[in-house]
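Please open the model in your viewer and keep a selection panel at hand.

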Amino acid sequence: MYFLIWCRNRDSRAELFFAVTAASTTAIAFSELWIMRAQTAADFVAPLRWAQLSLFFMFVSITWFVRIYLNAGRPWLAWTITGLRTVYLLLTFVAGLNVNYQTVAPPRQIQFLGESISVLGGVPNPLMAFGQFGVLLILVFTVDASVTAWRRGDRRKAVTVGGSVDFFILAGLATVSVVIWGNVQAPIVISHCYLGLVLVMGYEMSRDVLRASQLVHDLQASEAGLRESEARMNLAVEAGDFGIWIWDLARNEIWASDSWRALFGIAPGEPLTVDGVMRRVHPEDRDTLRQTQASAIAGGNAGRYDTEYRVLLPDGTIRWIGSRARVETDASGNASRIRGASREVTARKQAEQETLRLRQEIAHAGRVSMMGQLASGLAHEINQPLASILRNAEAAELFLQDPSPDLDEIRAILADIRADDERAGHVIERMRGLLKRQTLDARCLDVGSLVGDVAALVRVDAAARQVKLDLEVPGGLPLVRGDRVHLQQVLLNLVLNGMDALNGGTREQRRVSMTARLNGAQTIEIAVGDAGPGIPADMLARVFDPFVTTKPHGMGMGLAISRTIVEAHGGRIWAENKAGGGAAFRFTLPIAEEAVAS
Amino acid sequence: MTGIQPTVHIVDDDAPFLAATSRLLRASGFAVKAFASAGDFLAQRNEDLPGCVLADVQMPGMNGLELQTALARSSNPLPILFLTGHGDIPSTVRAMRDGAEDFLEKRAPKEQLLAAIERAMARDVREREVLARQRELRARFDALTKRELEVLGHVVRGKLNKQIAGDLGIHERTVKLHRAAITTKLHVQSVAELTRLTDEAGVCATSTSN
């Protein structure tokens with residue numbers, strides 16, 4: 001059976017050696033029987049010879065069984081034993097020597113266990129000591145291997161295999177020694193010793209077979225568990241509407257689940273390429289997505305990213321995708337692949353945009369209401385001096401109708417009119433003060449980050465209104481000095497105005513640009529341009545005046561406030577119509593003195 | 001002349017406007033008295049002075065509408081005109097319902113303002129005449145004795161002397177004497193005139209059948 005195991009699995013060499021040992025033991029037993037049946041001295045020679053052959057196989061196989069099964073023992077010793085037994089065997093067969101006896105006496109019949117059997121006798125051959133030395137070497141080898149296995153922790157194996165091999169070999173050796181050297185009148189029966197050895201070895205091997213069957217069972221159970229967890233995983237993926245994908249960076253190949261393909265409108269069988277997938281991503285989101293991926297591949301944010309972008313399906317529908325991914329690295333730490341899960345977030349995105357729009361409407365309504373109150377207060381406060389002026393003027397007219405008018409009275413009236421005019425002026429002053437009541441918190445600012453902040457603020461709004469934002473801020477611009485929040489308000493106001501101006505228009509026209517450049521040695525010029533209809537020529541000079549607006553529902557305060565802020569920063573703001581159409585609002589900010597000095 | 005001349009009482013917390021308006025109205029020939037608040041006006045005004053009130057609606061302390069209420073309860077309720085920076089419908093409605101002469105914007109044309117003041121003045125003269133007549137009549141009726149009032153009550157209901165005497169339990173001749181006294185005291189000649197006068201004076205000369 002173990003031989004069959006070896007046949008099936010050539011790596012199971014322990015099984016092979018065990019099978020050989022068992023077969024040899026059987027052969028020895030037959031030889032012994034043969035000897036017992038011998039009638040003449042010559043009859044002993046053949047069985048003794050064949051017994052030597054069996055012994056050769058048995059000793060060699062036991063040695064290598066121990067070596068392999070315990071995975072211990074010195075190989076040179078095993079080879080020495082093998083060599084010794086080979087020489088011994090050669091002596092027996094090739095040289096035709098009887099290694100056991102120099103001369104063999106005729107068989108003697110003795111009674112043994114109620115049977116009449118033949119026993120050997122004769123002059124022992126000194127060469128036999130050579131063979132027995134080999135057997136002793138096996139003992140030493142086995143003890144050494146057992147000690148190694150014991151130390152390694154395989155204590156049970158060391159004791160059962162090592163112990164039984166030593167015990168039974170010693171027993172066999174003793175039997176042979178006593179019978180042959182001592183010329184004792186007894187049959188040489190060693191096969192039972194080896195049978196015991198085979199039994200112990202068989203017992204040990206059967207444990208392995210049992211364990212193997214146990215392992216097979218465990219493996220089946222764990223496979224079932226694996227299938228179960230895979231099924232659960234699939235369930236979770238499907239329940240979350242996730243599409244799974246793996247991008248092999250080295251080979252630039254993408255694998256994706258069918259549900260992911262469905263998200264991108266790609267049929268299950270269709271070949272998938274990185275470029276093909278990128279072409280599905282909305283053109284306006286491609287760069288951002290590439291940058292996000294590149295940054296994660298470079299190790300940013302621990303190689304993870306969580307992003308949202310649009311997919312443009314062939315039929316023109318736009319789908320928002322939420323994607324989470326993780327970059328995996330190979331042994332040398334290089335990014336090897338990205339694993340990710342994506343799902344559709346269009347509904348949430350639309351809800352978000354709706355909320356944003358409502359919030360903006362509320363904010364705008366709040367601003368309008370605030371401005372309305374302000375305007376109403378302004379109207380009332382200015383009405384008072386105007387009414388006084390009117391009454392005084394009317395009174396003066398009446399006085400002047402008199403043939404000899406009271407000039408003192410008229411002078412008093414004129415003085416009052418002047419005072420009321422000043423009063424109206426103060427109201428307007430106070431109003432201006434109200435608009436810029438917050439004090440400036442001037443710090444050194446980077447124009448690039450200022451523009452970036454505003455772009456981030458309006459990005460969603462711009463996407464909702466299908467306006468593309470173009471930013472052009474060269475690196476290395478000197479810092480400016482200003483109040484971040486106030487300047488953000490100016491830029492935000494100009495960008496929102498620009499987007500408002502783009503009602504209608506083609507995709508190419510729906511762009512608002514924010515640019516910054518050095519303007520001389522002292523100032524930086526920031527410009528916001530749009531591709532709208534531009535500003536009517538007669539309005540160009542007045543657009544920054546309060547309550548002047550080109551919008552149907554505008555308050556006409558945004559640009560007035562912007563001018564107040566820019567001028568408070570020591571800058572200048574102006575509007576112009578671009579040569580290619582559209583309006584541009586430009587303002588300057590002085591470069592921070594620290595930056596100029598350096 | 002100063003004592004009884006119809007006067008425009010201007011009430012406004014805004015001093016320059018108060019001065020300018022006073023100046024205009026004086027130049028237009030009105031006697032003017034200026035007050036910086038409703039409280040000042042109520043405390044300082046001459047109760048006998050005819051004329052009208054020109055008041056701002058929005059004033060700190062007592063506002064124009066509260067002034068209107070207080071004025072109506074006084075013995076000399078002058079007609080009131082309101083001025084406002086910007087009129088709001090609820091206060092306009094309330095002011096007009098409570099008998100305001102007019103509701104004008106502060107920057108209303110001069111002609112509109114003067115015409116409104118003229119109307120208020122005329123209304124004051126009218127109301128003042130009615131009031132004076134009522135007072136005079138009241139003084140005449142006040143001269144009647146209790147018994148004469150009782151008899152008057154029966155007379156205006158068209159009862160005959162004999163019935164009156166029966167009702168009051170007095171002699172018919174005594175009733176005749178009371179009637180003579182009544183016509184003398186009230187300066188009337190006929191029963192018809194007596195009835196009209198009693199009505200006009202608002203005297204409910206009912207003979208309570210006690």
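Are Arg324(A) and Asp306(A) buried or exposed? Select the two residues: both are exposed, where exposed means over 50% relative accessible area, buried under 20% and partly exposed in between, with a 1.4 Å probe and protein chains only. The side chains of Arg324(A) and Asp306(A) meet in a salt bridge at 3.1 Å, N to O, the term standing for a side-chain nitrogen of Lys or Arg within 4 Å of a carboxyl oxygen of Asp or Glu. Arg324(A) belongs to strand 8 (residues 318-329) and Asp306(A) to strand 7 (residues 304-312) of chain A, so the pair ties together parts 18 residues apart in sequence.

Before going on, note that this is a predicted model, in which local features need pLDDT of at least 70 and side-chain atom pairs count only at pLDDT 80 or more, while totals for chains, interfaces and linings use all residues. Residues are numbered from 1 along each chain as its sequence is written, chains are lettered from A and ligands numbered from 1 in the order in which they are written, and side-chain values use heavy atoms, with hydrogens and water left out.

**Chain A**

Colour chain A by secondary structure to bring out its 16 helices and 16 strands, which are DSSP runs numbered from the N terminus (helices H or I, at least four residues; strands E, at least two). Of its 598 residues, 41% are buried.

Next, select Phe65(A), Val66(A), Leu70(A), Ile169(A) and Tyr194(A), which touch the most other members of the largest nonpolar core, a set of 52 residues; such a core consists of buried Ala, Val, Leu, Ile, Met, Phe, Trp, Tyr and Cys residues joined through side-chain atoms within 4.5 Å. Helix 3 of chain A gives the most to this core, with 12 residues. Centre on Tyr194(A), and, leaving aside residues up to four places away in sequence, you will find that its contacts (heavy atoms within 4.5 Å) include Thr25(A), Leu55(A), Phe59(A) and Gly172(A).

**Chain B**

Chain B has 9 helices and 5 strands, and 43% of its 210 residues count as buried.

Now show Asp56(B) and Lys106(B), whose salt bridge has its closest N and O atoms 3.0 Å apart. Asp56(B) lies in strand 3 and Lys106(B) in the loop between strand 5 and helix 5, 50 residues apart. Asp56(B) is buried, with a relative accessible area of 3%, and Lys106(B) also counts as buried, at 1%.

Move to Glu101(B), which forms a salt bridge with Arg123(B) at 2.7 Å between the closest N and O atoms. Salt bridges that share partners join Glu101(B), Asp102(B), Arg119(B), Arg123(B) and Glu127(B) into one network.

**The interface**

The contact takes 21 residues from chain B and 19 from chain A. In chain B, Arg23(B), Arg107(B) and Lys110(B) lose the most area to chain A. End at Arg23(B), which pairs with Glu409(A) in a salt bridge, the closest N and O atoms being 2.7 Å apart.

How values were computed
Buried area = accessible area lost by both parts, 1.4 Å probe.
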